[in-house]
Amino acid sequence: MTSTELTGQDAPRYVRLSIELIAEITDEQALKTAALAQVENDEYLDDEERTQSVEAIEVDPSGSLAHFIDPVALLGDVPGIELASATWESAQTEFDPEGEGWDEYTVDESASAE
């Protein structure tokens, strides 16, 4: 079904939004420290989840980034949208900035320096 096909006036329409980001860790210790603080202050984690999160950050700091993803904040101000479900993860990946397919999404660092 395309976005222009309607299933009925009263039927809810769900949209799966897929976003792929590649982030470079430039300061692993700073990321790890911030993620540990984020986990410590997360009011929605129970003790077991908190312990598992801390252990995961200690083992693989690349997973730290997941603790800063907030889908509610991403869609919270979008009119007419209610977040129905969200899952996300972060993991190390191979990245070749010269590889085919990656160049269309690169960030122009000169634009962000202004």
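The model is predicted, so local features need pLDDT of at least 70 and side-chain atom pairs count only at pLDDT 80 or more, while totals for chains, interfaces and linings use all residues. Residues are numbered from 1 along each chain as its sequence is written, and side-chain values use heavy atoms, with hydrogens and water left out.

Let's begin with the layout. The chain has four helices and zero strands; here helices (H or I, at least four residues) and strands (E, at least two) are DSSP runs, numbered from the N terminus. Along the sequence the pattern reads α-α-α-α. Of the 114 residues in the chain, 12% are buried, where buried means under 20% relative accessible area, exposed means over 50%, and partly exposed lies in between (1.4 Å probe, protein chains only).

Now for the empty space. Rolling a probe the size of a water molecule over the atoms shows where empty space is left. A pocket is worked out on a 1 Å grid over the protein atoms alone: it is an open set of points where a 1.4 Å probe fits, with protein on both sides within 12 Å along at least five of seven lines, and lining residues have an atom within 4 Å of a point. The largest pocket has 40 lining residues, and L17, S18, I19, T87 and W88 lie nearest its centre. Helix α3 (residues 71–75) gives the largest share of this lining, three residues.

Next, visit S62, in the loop between α2 (47–59) and α3. Is S62 buried or exposed? S62 is buried, because its relative accessible area is 9%. Setting aside residues up to four places away in sequence, S62 touches I25, S90, A91 and Q92; contact means heavy atoms within 4.5 Å. The side chains of S62 and D60 are joined by a polar contact of 2.7 Å. A polar contact is a pair of N or O atoms within 3.5 Å; within protein, one must be able to donate a hydrogen and the other to accept it, and residues adjacent in sequence count only if both atoms are side-chain atoms.

Our last stop is E58, which sits in helix α2. With a relative accessible area of 42%, E58 is partly exposed. Beyond its neighbours within four places in sequence, E58 is in contact with K32 and L36. E58 and K32 are 26 residues apart along the chain, yet their C-alpha atoms are separated by 7.8 Å. Their side chains also make a polar contact (3.0 Å).
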